[in-house]
Amino acid sequence: MSLLWCAAGALGAGAGDSSRTWVAAAVLGVAGVIAGWPLMRAHRPLPPTPPEPRPAPLDERITAAIHLERIPVALWLLRGEQAPQPLTNRARRLTAAGGLRDPDQFLQLLRTHPPHGAITLDTERGAERWQIHRNSLAVEGEEQMLVALTPIEHELESESMRAWQELVQILTHEIMNSLAPIKSLSETALELLGDSGGNADLRTALDAIGRRTAHISAFVNSYRQIGQWPAPVITPIDLVSLFARLRASVEPRWLHRNGAVDFDVASPGARLMADEGQLEQALLALIQNAENATENETEPRLWIQARLGRGGRMLISVRDNGPGVPEGLEQQIFLPFFTTREDGQGIGLAVARRLVYGMGGRVRYVRGLQRGATFLLTF
């Protein structure tokens with residue numbers, strides 16, 4: 001570049017009146033400018049370049065992903081006509097094996113259901129109630145939809161069970177406190193009468209009071225077990241051995257009534273993680289319920305089966321050939337004190353539900369195609 005400019009200057013100095021020489025000098029000068037332009041630009045200060053946004057550190061992104069996975073909400077992202085994208089582990093579990101009975105219909109429902117409200121899902125564990133919230137958002141100008149489902153069935157069951165336990169504890173405490181002095185006073189009055197004979201009617205009345213008080217005390221004490229079971233000790237259970245003990249315990253009574261029992265473990269090698277004693281007690285309560293339900297049957301039948309369901313869930317069903325639960329009472333039969341029998345106490349199903357729930361399982365009444373009642377335990 002410098003040489004071109006020097007040559008142009010020399011030509012211009014010696015050009016005199018020669019037009020050709022001036023033209024040549026001008027051409028060399030322009031060539032020098034053109035050749036030097038990149039270097040001139042390189043020496044000009046450039047405007048500062050804004051720093052590129054730095055991504056969040058890797059550990060922060062991993063932590064955020066883990067937190068999103070652990071939230072107890074089923075979360076999906078909807079993008080146009082693409083298939084809904086699950087964002088949380090709860091969402092993936094819901095549509096995986098052992099979850100919904102018809103996942104495709106459910107994924108379509110995510111788009112068509114009203115934006116907010118309650119929704120009932122048909123799952124392998126039975127009907128479950130969820131709360132749905134759908135909100136639109138724009139990401140880089142693209143319209144998307146975020147759908148969140150929050151389970152309310154489990155929370156409702158937990159609150160209901162806690163409320164009943166507190167109520168039973170309060171009632172049993174107050175009733176027992178009132179019965180104790182009545183029983184004591186009736187016994188004292190009988191002692192005061194002694195063997196002198198006295199008023200026979202009064203003696204009979206006091207004896208009746210004492211006996212009735214003792215009966216009510218025993219009756220009330222039976223309800224205390226609803227909320228006073230110890231915490232379960234979870235260990236692997238051999239269901240084949242458990243069913244063999246149950247059969248030896250209950251089969252004689254059914255055979256005496258001209259009935260029959262059938263115990264079946266569809267997967268003999270399977271193990272169930274639960275408290276063996278409490279599971280046995282829960283099954284005995286359901287078997288006693290079946291025995292009561294079939295008291296008017298000429299050939300009562302009992303079927304108990306254990307099998308692996310989809311998603312690795314253990315399903316234990318207890319079925320009888322009685323009349324079944326009357327229509328409309330399916331949600332009430334597990335409540336303490338509720339019974340459809342004149343001499344019933346309304347405690348068996350409540351105890352079974354309490355024990356199964358404490359081991360992380362669920363128990364549901366299932367209305368099948370065949371006659372009778374079926375109770376399904378899911379773990």
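**View 1. Arg257 over the face of Trp254.** In this predicted model, Arg257 sits over the ring face of Trp254, 5.1 Å from the ring centre. A charge is taken to lie over a ring if NZ of Lys or CZ of Arg is within 6 Å of the ring centre and within 35 degrees of the ring normal.

**View 2. Arg319 over the face of Trp303.** Here Arg319 lies over the face of Trp303, at 4.0 Å from the ring centre.

**View 3. The ring pair Trp76 and Phe106.** Three aromatic pairs turn up in the whole structure. For Trp76 and Phe106 the ring centres are 5.3 Å apart and the planes stand at 65 degrees, so this pair is edge-to-face (rings of Phe, Tyr and Trp, its six-membered ring, pair if their centres lie within 6.5 Å; planes under 30 degrees apart are stacked, over 60 edge-to-face, the rest tilted). The pair joins distant parts of the chain: Trp76 belongs to strand 1 (residues 74-78) and Phe106 to helix 5 (residues 103-112), 30 residues apart. Helices (H or I, at least four residues) and strands (E, at least two) are DSSP runs, numbered from the N terminus. Trp76 is buried, with a relative accessible area of 1%, and Phe106 is buried at 5% (buried means under 20% relative accessible area, exposed over 50%, partly exposed in between; 1.4 Å probe, protein chains only).

**View 4. The ring pair Phe243 and Phe263.** With centres 5.6 Å apart and planes at 65 degrees, the rings of Phe243 and Phe263 are edge-to-face. Phe243 is in helix 8 (residues 239-256) and Phe263 in strand 7 (residues 260-265); both are buried.

**Notes.** Residues are numbered from 1 along each chain as its sequence is written, and side-chain values use heavy atoms, without hydrogens and water. Local features need pLDDT of at least 70 and side-chain atom pairs count only at pLDDT 80 or more, while totals for chains, interfaces and linings use all residues.
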